Amino acid sequence: MISFLTLRQKIFLGIIAILFLLNIFAWQEVIVLAGPQYLKVNFLDVGQGDSIFIQTPDRHQILIDGGPDSLVLGKLQKSMPLWDRSLNVVILTHPDSDHLAGLLYVLQKYKIDYFVWTGIVRDGQQYQKLVELLQLAQKRGTKIIQSQLGQKIMSGGVVISTLNPIEAIEGKYFKDSSNESGIVSYLSFGKNSFLFTADIGLKTEKMLISNSSNLNAEVLKVGHHGSKYSTSEEFLQAVSPNLAVISVGKDNFYGHPTQEVLQRLQNFGINTFRTDQDGDIQIISDGNNIKVIE
Ligand SMILES: [Zn+2]
């Protein structure tokens, strides 16, 4: 076939081949310049409450809860580029003050692409404010998503799946505690995995053990700030984490974390970090290994 080509055609094909090779090299160079990409999970020290900032290797930003006050704003500023005033996903696990109040500030300062919550009904001014702010955000383009069992957030190699609540509870009124209704998320990235348990107690832990095929996670966000009514031995056995993080405020009124939970974690030989002692706890993963930066 080649023998039928004219000299001009041969030169032309030669140039194409050289361009092709050059292109390959150029492309490889871009890959090298991009360098290794990391998942960053930052358990923010926001006092007595929860707030977890996640940056995926694709640089998508996800915030789970906002802690009890405006402290989260300063923490986000430190974690994000100066000019950045948007978040891709915000998850409100349950509308209790120590998870919700900070998000009321975040909703006013940041443009949010997706706001995920259960849509349950509660009393109180903060809850009213949340509903108002969500309506405003929706008008500005935020998609308000009701959490659903099996719902997935995907970014590059990161997958965040919803394990709780197991049924739609939108519009359901919770008078006293809404802890068991909290959104539980399982994050996997390559060989690394994280379990975020909000404030769930023994009842939901039991349900998760019987409902979930795989709860095994390398990092466990300890449920309900280390309350003794969470983090049972059975649950620790099912999750079998190497590392646990307790999000808790210094000298808090509730006596969190409880001696019982600290003892259980110790019995299982789990390396435990606490925001009241260690400050912000950032965990970096390349999909194979994790590294803790205090
Ligand atoms: Zn809480």
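These legends accompany several close-up views of a predicted model. Residues are numbered from 1 along each chain as its sequence is written. Because the model is predicted, local features need pLDDT of at least 70 and side-chain atom pairs count only at pLDDT 80 or more, while totals for chains, interfaces and linings use all residues.

**View 1. Two domains along the protein chain.** The domain assignment gives domain 1 (1–35) and domain 2 (37–293); such bounds come from an automatic or database domain assignment. Taken over C-alpha atoms, the centres of domain 1 and domain 2 are separated by 50 Å.

**View 2. Helix α3 and what covers it.** Let us start with α3, which covers residues 97–109; helices (H or I, at least four residues) and strands (E, at least two) are DSSP runs, numbered from the N terminus. At 1.5 Å a residue, its 13 residues should span 18 Å, and the end C-alpha atoms are 18 Å apart, which agrees; the expected span is 1.5 Å times one less than the number of residues. The buried residues of α3 are D98, H99, L100, A101, G102, L103, V106 and L107. Here a residue is buried if 20 or more other C-beta atoms lie within 10 Å of its own, exposed if 12 or fewer, and partly exposed in between, with C-beta atoms placed from the backbone. The cover over these buried residues includes β3 (61–64), α2 (71–79), β4 (86–91), β5 (111–117) and α4 (125–139). Contact means that the C-beta atoms of two residues, placed from the backbone, lie within 7 Å.

**View 3. The packing of α3 against α4.** The two helices, α3 and α4, pack at an angle of about 35°, and their axes are 10 Å apart. The contact brings together S97, L100, A101, L104, L107 and Q108 of α3 with Q126, K129, L130, L133 and A137 of α4. Axes are lines fitted to C-alpha atoms, for helices over the stretch in contact, and angles run from 0 to 180 degrees between N-to-C directions.

**View 4. The largest nonpolar core.** This core has 61 residues, and those with the most contacts inside it are I52, V90, L195 and A217. Helix α3 gives the most to this core, with 5 residues. A nonpolar core is a set of buried Ala, Val, Leu, Ile, Met, Phe, Trp, Tyr and Cys residues joined through C-beta atoms within 7 Å. Not counting residues up to four places away in sequence, A217 touches Y186, S193, F194, L195, V239 and P241.

**View 5. Two cis peptide bonds.** From N164 to P165 the peptide bond is cis, with omega near 0°. P165 sits in the loop between β8 (158–164) and β9 (184–189). H256 and P257 are also joined by a cis peptide bond, where omega is about -5°. P257 belongs to the loop between β12 (243–246) and α7 (259–267).

View 6. D65, a residue other than glycine, has a positive phi near 65° and lies in the loop between β3 and α2. D65 is buried, because 32 other C-beta atoms lie within 10 Å. H225 is not a glycine either, yet its phi is positive at about 55°. The loop between β11 (219–221) and α6 (233–239) holds H225, which counts as buried because it has 25 C-beta neighbours inside 10 Å.

**View 7. S185 and its surroundings.** S185 lies in strand β9 and counts as buried, with 27 C-beta neighbours inside 10 Å. S185 touches I64, I91, I160, S161, T162 and F196, not counting residues up to four places away in sequence.
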